[in-house]
Each structure stands twice: as structure tokens, then as C-alpha cells.
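Here are my notes, as promised. Have the model open while you read, and go through the points in any order you like.

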Amino acid sequence: MKFRDRIYVGLLGISVLLILGILIVILGDVAIHGASHVSWKFITESPSEGLTGGGIWPAIFGTTMLVLLMTIAAVPLGVATAVYLYEYTPPETPSQAWKRYRKEKSSKMLRTFFLALLAKITRAAVANLAGVPSIVFGLFGLGFFIQFVGRAMDRATQEPGEIVWGQGNLLWAAMTLALLTLPTVIVATEEALRTVPQDLRAASIALGATRWETIRRIVLPSALPGILTGGILAISRGAGEVAPILFTGAAYYLPYLPKTLSSQFMHLGYHVLILSTQSPDVEATKPVLYGTVFVLLVLTFLLNLAGVLIRARTRSRLRSGGA
Amino acid sequence: MNRGRHIRDNLMTVVFTAAGWIAIVFIALIFLFTFKEALPVFNAKDLHEFFVKAQPEETMEMRYIWQPVSDEPKMSFIPLILGTLKATFVGMLFACPIGVAAALFSSEFAPPKLREFIKPVIELLAGIPSVVLGFFALLVLATWLQSAFGFTYRLNAWNAGLALGIALLPVVFTISEDGLASVPRTYREASLALGASRFATAWKVVLPAAMPAVFASFVLAFGRAIGETMILLMAGGNAAITSFHLGDPLRTLSATIAAELGEVVFGDPHYSALFMMGTLLFVITFVSNSTGQWVIGRMQKRMQGTA
Amino acid sequence: MKVGRVVFALALLSAACGGREAKPRITIKGSDTMVILGQRFAEEYMKRNPGIVIQVNGGGSGTGIAALINGTVDLAQASRPMKEKEKADVKAKRGVDVHETRVALDALAVFVNEQNPVTNLTVEQLAEIYKTAPAPWVLYGRDNSSGTYEYFKEHVLRGADFNARTQALAGTAAVISAVAKDKNGIGYGGIAYAQGVRAIAINGVEPTDANVRNGTYPIRRYLYFYSVSTASPELQQYIQWCTSPEGQAVVKNVGYFPL
């Protein structure tokens, strides 16, 4: 019995080895072929000779700008939504609230029921937002931000026929990505809010503070590391997504850097796509392609690492009983 | 002074409540605007063309055709839907057993130090952008598979499906592992006390108890697979054929949108058809994700004893 | 603290809301066949005229033409002529006429793997292969947004559909790369990209410079610039330069054939 079981457990263990192996193979392949091509020149220069030479600075710059704007849009909104879900909604579930209403017949309970129902629907909406395919976000960016909002803005502010906002650019790409990463921020922030001990809130209210004052001065500062984690994880996710920006502003080759919100931009992930599938000379651009993938992976992993470290510190704080 | 603080408090309550609405508003907007651009083709004739119409051709392969740029545009979704399902099938075939096996090992047999090592490995895997996985499958994996199995077509369902499976592994692992870890210790202790071996306990007691979580992980992986774009676009071969053979190239709904949206004139039937595909993707993933969330919700309630 | 952040963000935003670059800008989009040519044109022109910025994107002739119809681009590069319907669409949507300029000659080459013994095919044989996908051929082609795709469809397949097994790739270079890796592969695309594969003769005629110019190579085509009648003077100057001897030297350099 023991021996046969050992075999089975061994098989299970092999699956873990397999996963580890896959990771090592992919990362190893990129590191071997890409690291050698990455140099200071590579990071700071523009592409030249039909993308077969030069560097990827515009792509790095474009990705950074995009992700910065995305964070400015997503984090305040995400934090606000999470605060609403955690601090402003009743703790009862809709069914519990409804039962109590039937028992007590008070209008207050009815109100609680509706608020609880709203909270449940909001949570479901956040979960569903997280599951929307990235290409559908791209479609939404095109259909709503560009065609609807952008064209309306052009009609209002530009001369007839001029298209400035009714096309892909940094602003719309950033907003599309912000929507995509919103659930990440919300979930991370809620987790962070949860680590703040309830006693602190109770003490604050007992001393006469309003709910907003409690949030602003006690809860948020205490939850800041977790909020930071959420922001960083959102950034690392946003830096890697390509499908949403295909039609909302990413460009193949720009001789200049994006300086305004209405500019197109180059992007690391998009560059990988282009070099892989539309490269002018597949063999010649391979080193550049590997180099770009390497830079993209390093960037993504550093961000992920930062987020994980901060989250681990927040969690240990929870275990040790709060700040 | 008191009134000022009061006003500010009420104001912020309004602000936060408004923020709470944002998620609902945007989910509704996404559906609305995707569907709005698809409206021109939401009629009996076009829907028939998308889902039912077959060409009067001999070969099975050519019966349903997606060729929108043609003197006689043919816009059947069937080859694309089939392609999506093929890739998802292969992906889940790879990810589900391995993901659950790894989760079981990690939760029941791995010493704590090893468990703390496995988690970041999975997170690293999850952090790889899908465009990088597609790049890897296109350049490296396809060549390996072809030399190992002698496929006629270098870019096919196996290649794309395998890369997709790599992307799905973290989803299956994480949720299954959470579920396994949430099984009460008493279950294990009772089983061991009754004389069962550790493996028997894990396989026959803990795993069945965590079935809702495992099932939910499959459902969520399914949703992710259906919507995945980059991997399929780069590694699938992009041939819209109606074939069940996994060695054939495929083309998915998402890859079609990604490849063709750039060339359509806004308002064209082709444009509306692509948005219709987007709506379809949205609905499928919405249903599948809602199911997964519902199962997880019930599981959590059961664990907390309020079910 | 939060208020300060919001103010900072707003300041950033309003500063960034400029709307226009300082230098005049030309945006070009379209044919993947022409994208290197377009970039080289732009590079050389910008060297001589530093006061202007030119941005070139690929995506396929269909993408460029669609962008021209939608009004989101100044110049569309196309490896096939614009259809009458497309020109009418421009007129209907933007109220302006389309201006067509030929900038180069291209041979639509058919590529096979270097290990493939086939050296010549008639147009009819080629069409049969791409319509019926007989074993052992593995067909590679372009996406339906490509002008190369449309040109091949019209002039080789005579309007018939490609076989569904044709793998749609996003660029000529991708087609060539695929054929180079596949000993049963066959693909088509602009001659300038040929590397590591063999460009076969069609109807017994090799795709050489002489044969393309005198018209004996049966599948040759022009490469086009499409702009609208309200094009800016900078754009008109650019187009003129591309058809001048200086511009045509770039054409030769890239591997296409000057007019």
C-alpha cells in the first residue's frame, strides 16, 4: 500500500515539476536569446533600418506613459469602489436583510435590503468585469471611447472633418486599459481594507469622527500598502495586455515620442506582436524581438515582485495584529 | 464647525456610492455598445448566415465558410466557433489535470517550505503576458511539436492549445488549491484515524470535498480560454476551416476580430459582424463566469456554515 | 494628500491636452507589402526635410483604404488599385475625391521551399493549387485585409475563393518565413522580401527586373499611394518627391522596380 501510494504521490509531484519545467524553458529561452541583445543602446535608442536594428526606447516610453495614465484613471476609481463596497454597504446579504424586514416590517430594514442587493449586484458586476475578454475591451474602446465620445468631442471642439479625438490615442487606450484593470485594483483594495482591524474604526467613531473622517485618517493610511499592491499588480497586468490597444492607439513605427493625450504610441507588447507576425525580415529582427520580449518580461516581473513583497508584508502585519 | 463636517461626510457618502455604481454602469455599457454596433446584423437573415447557412459544396471543410472579403462575401461563424472550441478543448485537456494534480500535491503532500516555493512559481507563470506565450508558441513550440509529432501544419490546434493551456494552468491551480486548503482539517483527521493512507485520504476524501472549487476553476478557465486572443492569433495558423482534426490550423472568434477590425470601414456589414462576434464572446464568458462565481459563492457559504 | 494628488493629475492632464504636435505631420497607413518602402521613403524624405514628421503604419492595403474612407489617415499605401465602390465611399463619407499615384512596380512572386524541386508553374496550375489544396502542398497566404491577397485572388484565382486551408499570415515576411520552414509550403508576396526561399517562374517566365518591366512576367502590379483632393501642400510635396528620381532610387534600393 505504501509503495503504490508513493507512486501516485510521485505522479502528482511530477505535475509540479512539469510546471516548473515549462517556466524555466520559456524564461530560459528568452533569457538566452534576449539578454545578449539588451544593452544601454537598446534601451535608449529608436528603431532603425526597418525595425531590424536600433533600440526600443519609444516602445518603453509609450508603455510607461500608457501605464501611468491608466493608473491615474484606475486607482482612484478602484479604491473608491472598494471603499464603497467595504465601508458603506450593510454586512447582511440581501436574503438575510429580506428575512429581517419580513420579521420587523421596518422601513429601515427595507432600505438595508435594497442597499444589500445593490452591493451584491455591484460585486457581481466587478467579478464579471474581470472576466470580459480583452478583445471585447478593445471593441468597447473603439465603439464607445473612440466612435462615441471621441467623435462627439471632435464635433464640439474641432473644425468639421478634423479628427483629433475620434481615433486611437494615449487617452482612449489608457481608459480602456483602466477598465480592464479596475477589478484588480478593487479586489486588492478590499483585501487591504480587510486588514484594518475593526476596533480602530469603532474607536474612531466612538471618539466622534464621521465615517468619512475615519476612512480618510485611519483606514486609508493603514490600508495604503495593500492599495499600493493593487496598483502595482494592475500596472503589471496592463503593461502586458495587447488586445485592448490594437485599435485604440498602438502604432507600428513612430519617428517621434507621444507628447500629448491625442498621440499614438509604440508599445512593448504590441512591438512583440508586430515583430513576430509582420516583421519585414523575420531572421534579421529575431534578436530585436527576443530583446524586446526580455525587456517586457523583466519589467512585468519586477512589478509583480514589488507587488508580492508589499502584499506579504501587509499580510504579516495582519497576522501580528495590526500596526 | 459641526455642520461643515457633517456636510463633508454626506458629500463623500454620495461620492463613494457613485463610485460603487461605476462597475455596474460600465459592464452595462460594454454590453450595450458592443451590441449596438452589432445591431445592423441582428436580424433573421444575417443571423442565419452566421450560424446556419451552409455552402452547397461537397467537402465537409468547405461547407461553412468565413470569407468576408470577396465578390460574394461569405460570413459563417461556424468555422470560427469550431476553432475557438478546439483550442479551448486542447487547452483545458492540458491545464485541468496538471493544474489539479499540482494543487493536490501542493495542498496535501508538499512540506510548507515547498508550498511557499510553488506559489511564486505559479504567480510567475501567471505573470507572463499572453503575447509572450504566443511568441514562444509561434517561434519555438511549433517547431518542437512538428519535429516530435510530424504535423503537416506547423501552426495548428495542438500548438495553440498547448500554449493556451500554459496560460490556464495558474487559474486552475490557484482556485483548486484554495478549495483544497479550505477543506476542514477534521475531514482529513477522521479519514486518517479510520486507517486510510495519506494518498487515499487526499484522493477519496479531500478532493471530492473540494469538487465545487475544482469545478469552478474549470469553468473560469473555460471563460478565459474562450476569450484569449493573442496566443490564438499568433500560434493558431489562422485558417478558418471547419475541421475536427487537431493537427489542422484553426482560427478563433477573438483572433478574427483582432486581425480584421483594423481593415473594416465603420458601419460596414463586416464591421457589424465583428462586433456581433464580440457580443457573442461577451455573452459566453458572462454566463460561464457567473456560473463559476455562483459555485464559488455557494462553496464559501458552505465553509462558513451559512448555506 | 489625496486632494493634492488629484490637482497634480489634473494639471498633468490639462498640460497634455495640447492636441497637436508642433511640426506638421503626415500619417500613412496601409499595405504591408509597401511598409518597408514607405518607411524608407519617409526616412529619406525626413533627412532632407527635417521640418516635417512622417509616420508609417502597416496593417494591409484594406486597412489603409478603410482608414482613408474613415478619415483617420492622410495617405493610404495600397498594393492593389482601389475599387470603384471604395472611391465612392470616400466621396460619400468625406465629400472629397480620391487621388491615385503610382509609385513603383512589383512582381507578385510565388515562393517554394528551397528543397522543393518545382521551378515553374502555369497560372492555371497555381490557381488550382490555391483553390483545391492538393496534397502535399501546404498553403500560406495573407489576411483578407491585404492588397496582395486581393490582387492574387483577382488575377490568379480570377475571383474564386481561396481554399479554406490557406493559413492567413499577417505579412509577406511571415509567409516567406513559413515557406522557408516547410518543405511542402507554397506562398505568395512581393518580390522584395525573397530570402531563404525560391521564387519560381510563372508560365515559364522568371521574375527578373527585365521580365517585370517588359510585362512578360504575368503577375506584376503597381504599388499605389492614395490621398484625397484636400491633401495638404506638405503631403503633395511628399508624393511628388517619391515619384521623382531621388524617390525612385529608394524604390530600387528596397528591391522593387522603379516606374
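This is a predicted model: local features need pLDDT of at least 70, side-chain atom pairs count only at pLDDT 80 or more; totals for chains, interfaces and linings use all residues.

1. The largest cavity comes out at about 220 Å³. Its lining counts 20 residues, and the closest to the cavity centre are B:Trp66, B:Gln67, C:Tyr149, C:Thr166 and C:Ala168.

2. Which strands each supply at least two residues of its lining? They are β1 (66–67) of chain B, plus β6 (138–142) and β7 (167–169) of chain C.

3. Now chain C as a whole. Chain C has 10 helices and 11 strands, and its C-alpha atoms fill a box of roughly 70 × 50 × 35 Å along the principal axes. Of the 259 residues in chain C, 58% are buried.

4. Have a look at how β1 (residues 25–30) and β2 (residues 53–59) of chain C sit together. The two strands run parallel and are joined by 6 bridges. One pairing to click on is C:Lys29, whose bridge partner in β2(C) is C:Asn57. To get from β1(C) to β2(C), the chain passes through helix α2 (residues 35–48) of chain C, and this β-α-β crossover is right-handed. Strand β2(C) is mostly covered, with 6 of its 7 residues buried.

5. Is helix α7 (residues 172–181) of chain C largely enclosed or largely open? Largely enclosed by the rest of the structure, because 8 of its 10 residues are buried. The buried residues of α7(C) are C:Thr172, C:Ala173, C:Ala174, C:Val175, C:Ile176, C:Ser177, C:Ala178 and C:Val179.

6. The loop between α5 (123–132) and β6 of chain C deserves a look at the backbone. Most residues other than glycine have a negative phi, and most peptide bonds are trans. C:Ala133 lies in this loop and has a positive phi of about 50 degrees although it is not a glycine. C:Pro136 is found in the loop between α5 and β6 too, and the peptide bond from C:Ala135 to C:Pro136 is cis, with omega near 0 degrees.

7. A:Lys105 is not a glycine, yet its phi is positive, at about 55 degrees. You'll find A:Lys105 in the loop between α4 (94–104) and α5 (107–131) of chain A. Is A:Lys105 buried or exposed? Exposed, because its relative accessibility is 59%, and the cut-off for exposed is over 50%.

8. For contrast, go to A:Thr300, in helix α11 (residues 282–319) of chain A. A:Thr300 counts as buried because its relative accessibility is 1%.

9. Last, helix α4 (residues 112–127) of chain B. This helix has 16 residues and reaches 23 Å from its first C-alpha to its last, close to the 22 Å expected at 1.5 Å a residue. The buried residues of α4(B) are B:Ile118, B:Val121, B:Ile122, B:Leu125 and B:Gly127.

Methods: Residues are numbered from 1 along each chain as its sequence is written. Chains are lettered from A and ligands numbered from 1 in the order in which they are written. Side-chain values use heavy atoms; hydrogens and water are left out. Buried means under 20% relative accessible area, exposed over 50%, partly exposed in between (1.4 Å probe, protein chains only). Helices (H or I, at least four residues) and strands (E, at least two) are DSSP runs, numbered from the N terminus. Two strands pair if DSSP finds at least two bridges between them. A crossover is right-handed if, with the strands pointing away from the viewer, the path from the first strand over the helix to the second runs clockwise. The expected span of a helix is 1.5 Å times one less than its number of residues. On a 1 Å grid over the protein atoms alone, a cavity is a set of points where a 1.4 Å probe fits but cannot get out, and a pocket is an open set with protein on both sides within 12 Å along at least five of seven lines; lining residues have an atom within 4 Å of a point. Grid points are joined across faces, edges and corners, and a volume is the space filled by probe spheres set on the points.
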